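Please read them with the structure open.

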Amino acid sequence: MALKKAAKKTSAAAVPPQLLWKRDGADFLVTNDFGHYSWLKKKDFDSLLACKVGESHPLFAALSAKGFVRDRLDFDGLAAKWRKKNAYLNTGPGLHILVLTLRCNHKCLYCQAAAGGAAAKDTDMTPATARKCVDFAFNSSNPGITIEFQGGEPLLNWPALTAAVKHARARAKTAGKELKLALVSNFSLMTEEKARFLMENEVSVCTSLDGPADLHNKNRCFSGGNSHAVTLKWLKYFQKKNEAQADGYRVFKPSALLTVSRYSLSRHKEIIDEYVAAGLEDIFIRPLAPIGYARNLWGSIGYEAKDFAAFYLKSLAYILKLNRSGVVIREKMAAMMLDKIVNSRDPGYLDARCPCGAAIGQIAYNYNGDLYTCDEGRMVGWEGDDVFKVGSVFKDSYAKVMASAPTRACVVSSNLEAQPDCARCVYKPYCGVCPVYNYEVQGSLWGDMSSSDRCGLFKGIFGALFALLKKPGNEATLKKWVDK
Ligand code: SF4
Ligand code: SF4
């Protein structure tokens, strides 16, 4: 009887079972599975835990609306939010990465593409294989697919690139799917003629820009010329075409990726200024991973998670300062994470979702038609271990690939509920683990988050974002990034 009474007294203010929290100095960050968050003072956090946030509590309305008060859960509203945030669970792979060649004319210090030299033999995709890969991609149950051309340097295999582009555009006319085409290139082999073909077929272009000339060229060694100068030349070319939109077809804005090596850590301002000067409105600050060539050189170009977190925080603060003075530039990783945090939306970032995008969100097509869970899984295959190979376009059906053992193993091992540290982590609603990273660095698909540097990196990024969201005035600016 006494127990019943006690239960009745507290039930109106009970906390839901999924409450996740983290102490930050005098305050507490709380999150829940619906993706809501709140910063609480200690006394309010204590009240929430003690089930004392009743109707008379000043935070009752706010915490109820966010699903933190169990007896006030709006099940329909919260379920709709959860569905929106996890919509990817009902679609097949949207990203299809065609590795047109393993050859490359650059030798980047951190290269993850497992590229061979420009003269390497037997590592080009044939046009027939490229068309077969496109056909396979169109089997996906996803209503919209992106086919991304990568390498090596994909412009070294122009015949396969043009064959795939033409075939994909032809298939899209009857397939009833939205099709996006994208090229990731170092631009060193770009010509007016190639650029025109790409624009006519609405292929977006993305390159790498690691900062000012000395830093970029140190990271991205190119014996055939000045990599930085070539990159800027073609970025400007595509930007002008995008602004003009004068040729009767849609020209996309070019984009660039930044890979942070140890040499970048003390140069955040110069790197961001370089992006602004190049007319880029987005910078994607990506940490280095000890996979591929980077693993061999980790002692000279790698760093600890805390070093990256410090670099990232300084970079975000500088970008916000520039924004306040009218400069348009945003950080892409932050924009994607914030989309989850403030909008409960899925930004399509395959490496930070649960389960991750391995096979069910993306597929990598090797030059010979072999299929891998993702490009990182393909690189492990290149090192001689086919643990992430899910099939071949020549032998296997789409259904067989989706049900293959590596697909299922990646789904299970990247489920955060099955990760002991993640299941209790305050960042769980927005995070994701990587079975390839775990396998490569820690020797198992599951890994161990308590000693994982990747987990440390994500904690640093989320810590930086929530610290920024907490500061008055920042939330509005950060929301603008997301809605851009
Ligand atoms: S990977 Fe790390 S930061 Fe992400 S949910 Fe797991 S424990 Fe948290
Ligand atoms: S295994 Fe890793 S790299 Fe591959 S999709 Fe998952 S998170 Fe991304």
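1. Phenylalanine 187 is buried, having 23 other C-beta atoms within 10 Å; a residue is called buried if 20 or more other C-beta atoms lie within 10 Å of its own, exposed if 12 or fewer, and partly exposed in between, with C-beta atoms placed from the backbone. Phenylalanine 187 sits in the loop between β7 (178-184) and α7 (192-200), and its phi is near 70°, a positive value in a residue other than glycine. Helices (H or I, at least four residues) and strands (E, at least two) are DSSP runs, numbered from the N terminus.

2. On the basis of these notes, the model is a predicted one, in which local features need pLDDT of at least 70 and side-chain atom pairs count only at pLDDT 80 or more, whereas totals for chains, interfaces and linings use all residues. Residues are numbered from 1 along each chain as its sequence is written, while chains are lettered from A and ligands numbered from 1 in the order in which they are written.

3. Serine 344, in the loop between α14 (332-343) and β13 (362-365), has a phi near 50°, again positive in a residue other than glycine. Serine 344 counts as buried, with 20 C-beta neighbours inside 10 Å. Proline 355 lies in the loop between α14 and β13, and a cis peptide bond with omega of about -10° joins cysteine 354 to proline 355.

4. Another cis peptide bond, with omega of about 20°, joins glycine 151 and glycine 152, and glycine 152 is placed in the loop between β6 (144-150) and α6. Most residues other than glycine have a negative phi, and most peptide bonds are trans.

5. The axes of helix α5 (residues 127-138) and helix α6 (residues 158-175) come within 8 Å and cross at roughly 30°, the axes being lines fitted to C-alpha atoms over the stretch in contact, with angles from 0 to 180 degrees between N-to-C directions. That angle makes α5 roughly parallel to α6, a term for angles under 35 degrees. Residues in contact (C-beta atoms, placed from the backbone, within 7 Å) include Val134 and Phe138 in α5 and His167 and Arg171 in α6.

6. Around ligand 1 there are 13 residues, the closest being Asp421, Cys422, Cys425, Cys431 and Cys455; a residue is near if its C-beta atom, placed from the backbone, lies within 6 Å. The largest contribution to this shell comes from α20 (453-470), with 3 residues.

Technical notes. Angles under 35 degrees count as roughly parallel, over 145 as roughly antiparallel, 65 to 115 as roughly perpendicular and the rest as oblique. Two residues are in contact if their C-beta atoms, placed from the backbone, lie within 7 Å.
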